[in-house]
Amino acid sequence: FITYYLTRSKPDLMLCLMGGKFDHPDRLFAGIAETWHNVLTNSADFKELIPEFYQGDGAFLENKMKLELGKRQNGSTVSDVELPPWADSPADFVSKMSAGLESEYVSSKLHHWVDLIFGYKQQGALAEQNYNVFHPYCYPGSVDVNAILDPNEKNCVVTQILEFGQVPQQIFTKPHPEKKLSLPLYPTLELNPEECDEEYQDSTS
């Protein structure tokens, strides 16, 4: 789904994926709110945000190349990505997204994301209970490509894996610990460095 977000800044990715043309205008990345709504309501939409949402100047949201991306069924022309009302510009959008990612609220929930992506909720019954399941080919080791004798079938499987990706290797089998949001501050005039180190180690253990 990287090609979906980077159509404007890296159009060659989508052109390669779509056989030399852009996807239908109604399926292109047109607005933040619309994409967010689709992910929340469409059980077949598995998009996740890419690093460009949190770093850089937001250029991937602008149609600086003046690409002809077509018109949608409602008559609107697909050009720059429509931003939410709280963002003054693509750069401001990315800056606020980055600030949100680094906020204490997100930090307090980060271990839940780790559990889904790398941890004990990635596979099995807990993955199903948390709606965290994907096509079998998305899981490393789920298919032996070299054992597929039919060249057409083999090509289809390899293409799907290359273009749609795979989930990461599972790293943790138990709930990931919560991130400690703040540490006590010690006045340097009252404690020497050795004592501060000892207190810090105790507070993080």
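Reply: Happy to! In this predicted model, ring pairs join Tyr4, Tyr5, Phe29, Phe53, Phe60, Trp86 and Phe93 into a cluster. The count of aromatic pairs comes to 10.

Me: Why is the pair of Tyr5 and Phe29 called edge-to-face?

Reply: The ring centres of Tyr5 and Phe29 are 5.1 Å apart, and centres within 6.5 Å make a pair. Their planes stand at 90°, and over 60 degrees counts as edge-to-face, so the pair of Tyr5 and Phe29 gets that label.

Me: What makes this pair tie together parts that are 24 residues apart in sequence?

Reply: Tyr5 lies in helix 1 (residues 2-5), while Phe29 lies in the loop between helix 2 (11-17) and helix 3 (32-41), so the pair links those parts.

Me: How do you know whether Tyr5 is buried or exposed?

Reply: Buried means under 20% relative accessible area. Tyr5 has 2%, so Tyr5 is buried. Phe29, with 1%, is buried as well.

Me: What makes Lys47 count as sitting over the ring of Tyr4?

Reply: The charged end of Lys47 is 4.3 Å from the centre of the Tyr4 ring, and the distance limit is within 6 Å. The charged end does sit over that ring.

Key
Residues numbered from 1 in each chain as written. Predicted model: local features only at pLDDT ≥ 70, side-chain atom pairs only at ≥ 80, totals over all residues. Heavy atoms only, no water. Phe/Tyr/Trp six-rings, centres within 6.5 Å; stacked < 30°, edge-to-face > 60°. Helix = DSSP H or I, 4+ residues; strand = E, 2+ residues; numbered from the N terminus. Buried < 20%, exposed > 50% of the residue type's maximum accessible area, 1.4 Å probe, protein only. Lys NZ or Arg CZ within 6 Å of the ring centre and 35° of its normal.
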